[in-house]
Amino acid sequence: MSAGSAALVVTALGALMTGCAGPSHPVASSYPAAAAPTLADISATPSAAVPSAAPTDLSTLRLPIEQYVLTPAENAELTHATWVLAADCIQHHGITFPTPAALTGLRSGSEVPRRYGPADPAAAAKYGYHNPPAPDGSSVPTDNLSSLPADQRTTVFSCHQDAQTRLTGGATFGSSAIGEQINSRSYTKAADDDRVKAAFTAWSACMKTAGYTYASPIDAYNDPHWQGTSTAGQQEIATAQADIACKQQTNLIGTWYAVDAAYQQQQIQAHQSELDRDRTAEQQQLTAARKALG
């Protein structure tokens with residue numbers, strides 16, 4: 001996987017903050033990190049149902065794995081409920097630690113609209129390859145955890161861990177680890193698939209006609225000219241607009257999405273029992289969180 005691919009993977013998959021992996025509250029998890037799951041080694045190339053025309057509304061598309069992983073909004077719900085449940089314990093120990101505010105404005109629908117780089121002409125006209133500004137309420141709230149004495153911080157950690165256990169019943173907190181790994185792996189596999197590479201070639205030819213030289217939209221996204229700036233300049237905006245037009249002309253996103261989904265479906269079939277188990281645990285956590293939040 002190239003550095004360019006890796007950078008776009010981070011943007012496409014890790015965008016809770018902009019609606020696709022997101023900001024975390026302090027003490028995001030009190031549990032030790034679980035070992036990364038091992039995905040099935042599948043050598044067969046899956047068939048993919050590529051649409052004959054470019055999709056016009058990406059928000060209606062959902063990847064197969066999305067039914068097994070939490071959205072950024074759901075993750076935020078769990079995190080806030082944990083702090084709400086921990087509050088009584090923290091106060092019982094005489095510690096002044098205001099409950100962090102809930103994060104709002106995070107993605108609750110499909111991640112497809114941002115997964116493959118810019119796809120919305122209106123957004124590109126304002127932001128180019130930059131992410132739109134985070135909505136109000138989606139920034140990590142200020143807290144005084146770091147200012148607490150060490151013994152009080154330990155108590156807050158303990159209260160937080162107890163609250164997580166109340167939500168999870170001892171299961172892993174939050175989104176399915178194997179589901180998230182499938183989501184990441186399929187993106188990488190799809191980008192290296194010959195069908196998507198052929199679509200990249202067609203897209204590149206379209207961009208060259210428009211006056212831009214990039215081998216793939218990943219290269220366009222990671223153009224050093226856009227890095228290190230807080231806002232998009234006219235060159236960046238024009239490039240992003242051409243990028244989107246060429247994606248539509250070549251049906252790049254339709255192809256990429258179909259192949260991405262096919263690789264996910266392979267792994268879902270191989271790990272169905274684990275994913276079903278994790279989804280049950282996720283739903284139980286969300287039910288408990290919503291009860292805690294009233």
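Predicted model: local features only at pLDDT ≥ 70, side-chain atom pairs only at ≥ 80, totals over all residues.

Student: How do the residues of the contact of H7 with H9 divide into nonpolar, polar and charged?

Tutor: Trp203 of H7 and Lys247 of H9 are among the residues that meet. Sorted by type, the contact of H7 with H9 has two charged, three polar and six nonpolar residues.

Student: At what angle do H7 and H9 pack, and is H7 parallel or oblique to H9?

Tutor: H7 covers residues 194-209 and H9 covers residues 234-250. Their axes lie 9 Å apart, at an angle of about 130°. That angle makes H7 oblique to H9.

Student: In which hand does H7 pass H9?

Tutor: Look at the crossing of H7 with H9. Its hand is right-handed.

Student: What span is expected for H6?

Tutor: H6 runs over residues 177-191, which is 15 residues. From first C-alpha to last, H6 reaches 22 Å. That is close to the expected 21 Å.

Student: Where is asparagine 251, and does it count as buried or exposed?

Tutor: Asparagine 251 sits in the loop between H9 and helix H10 (252-270). Its phi is positive, about 55°, although it is not a glycine. Its relative accessibility is 9%, so asparagine 251 counts as buried.

Key
Residues numbered from 1 in each chain as written. Heavy atoms only, no water. Axes fitted to C-alpha atoms, helices over the stretch in contact; angles between N-to-C directions. Helix = DSSP H or I, 4+ residues; strand = E, 2+ residues; numbered from the N terminus. Parallel < 35°, antiparallel > 145°, perpendicular 65-115°, else oblique. Left-handed = near helix turned anticlockwise from the far one by under 90°. Contact = heavy atoms within 4.5 Å. Nonpolar A, V, L, I, M, F, W, Y, C, P; charged D, E, K, R; others polar. Expected span 1.5 Å × (residues − 1). Buried < 20%, exposed > 50% of the residue type's maximum accessible area, 1.4 Å probe, protein only.
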